[in-house]
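Student: I would like to go through this model with you, one feature at a time. Can we start once it is on screen?

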Amino acid sequence: MRLRVLGHSGPYPGPGKATSGYLLEAEGRGLLLDCGSGVLGRLGRHLSRDRLEAVVLSHLHYDHFVDLLVLRYALEADVKRGLRREPLPVYLPPGREEERGFLELGEVFDLRLIDPDEPVLAGPFSLRFVRTTHAVPCYGVAVDGGRFGYTADTGWSEELVTFFAGTRFLLCEAALQEADHDLRIAGHLTAREAGELARQAEVGRVLLTHFPPHYDLAQTLREAAESFPEAELSVEEAAYEL
Ligand SMILES: [Zn+2]
């Protein structure tokens with residue numbers, strides 16, 4: 001299995017960059033985790049749409065799903081050209097009815113609400129979900145029994161330590177730095193907390209993501225490394241073998 005980071009900015013992209021979007025590939029099939037601004041164009045560089053098995057939207061904040069609105073047009077064109085018959089499964093949290101309404105337009109998406117008690121099998125990818133601590137309903141995901149994990153957006157919680165315990169490769173949000181850690185923007189991890197999560201969960205490898213464009217990422221890395229010295233910054237369009 002391979003991870004490709006399509007976009008790692010948030011909540012808006014810096015110049016030439018994209019917000020959240022991560023492609024998992026296995027057995028010639030793709031699973032897209034989040035589909036933020038600029039992700040669809042990048043996806044096309046690495047996977048043809050007919051090989052896309054499903055999309056998982058961790059939550060319906062715009063930096064995590066807005067490119068799905070134009071993916072709809074692409075899929076409609078594929079249907080017209082005889083390249084697609086079945087709707088694309090999209091797993092997403094309940095709530096945010098107004099935003100979800102945008103995704104209910106057209107017939108190219110098969111919307112499926114995430115239930116943390118229900119594992120999902122999407123082609124070669126087996127998925128388990130955990131509710132995270134965020135301003136809107138949001139789910140992190142474990143793939144293939146902890147071979148890979150993605151925290152999505154979240155504040156600190158002990159439940160994350162339990163859920164991601166022993167994960168071999170954790171993609172972990174680190175949207176804040178210590179200087180910005182105050183209650184007004186709870187619902188995200190500081191880099192120090194991301195490192196602490198990786199340490200307490202005893203993950204094999206941690207890749208940090210979800211970076212505000214104005215941050216000095218050397219500082220993000222320093223803070224994470226206090227708890228987990230091998231923490232790494234994600235690199236857009238880089239591939240990681242899992
Ligand atoms: Zn969010």
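Student: Where is E237 found?

Tutor: First, the ground rules: this is a predicted model, where local features need pLDDT of at least 70, side-chain atom pairs count only at pLDDT 80 or more, and totals for chains, interfaces and linings use all residues. Residues are numbered from 1 along each chain as its sequence is written, and side-chain values use heavy atoms, with hydrogens and water left out. Strands here are DSSP runs of E with at least two residues, and helices are runs of H or I with at least four, numbered from the N terminus. E237 is found in the loop between β13 and β14 (239-241).

Student: Is E237 buried, partly exposed or exposed?

Tutor: Buried means under 20% relative accessible area, exposed means over 50%, and partly exposed lies in between (1.4 Å probe, protein chains only). E237 has a positive phi, near 70°, though it is a residue other than glycine. Its relative accessible area is 21%, so E237 is partly exposed.

Student: What is the phi of E202?

Tutor: E202 sits in the loop between α6 (191-200) and β12. It is exposed, with a relative accessible area of 64%. E202 is not a glycine, yet its phi is positive, at about 55°.

Student: Which residues coordinate the zinc ion?

Tutor: Donors are N, O and S atoms within 2.8 Å of the metal (3.2 Å for Na, K and Ca); water is not among the atoms, so sites may look incomplete. Here the distances run from 2.2 to 2.5 Å. The donors are H59 (NE2), H61 (ND1), H134 (NE2) and D153 (OD).

Student: How many residues apart in sequence are the parts that H59 and H134 tie together?

Tutor: Both H59 and H134 are buried. H59 lies in the loop between β4 (52-56) and α2, and H134 in the loop between β8 (125-131) and β9 (139-143). So the pair ties together parts that lie apart in sequence by 75 residues.

Student: Which strands stand at the edges of the seven-stranded open sheet?

Tutor: Two strands pair if DSSP finds at least two bridges between them. The order is β7-β8-β9-β10-β11-β12-β13, with mixed pairing. Each edge strand has a single partner, so one side of each is left without a neighbour in the sheet; the edge strands are β7 (120-122) and β13 (232-233).

Student: What is the bridge partner of C172 in β12?

Tutor: Strands β11 (residues 169-173) and β12 (residues 205-209) run parallel, joined by five bridges. In β12, the partner of C172 is L208.
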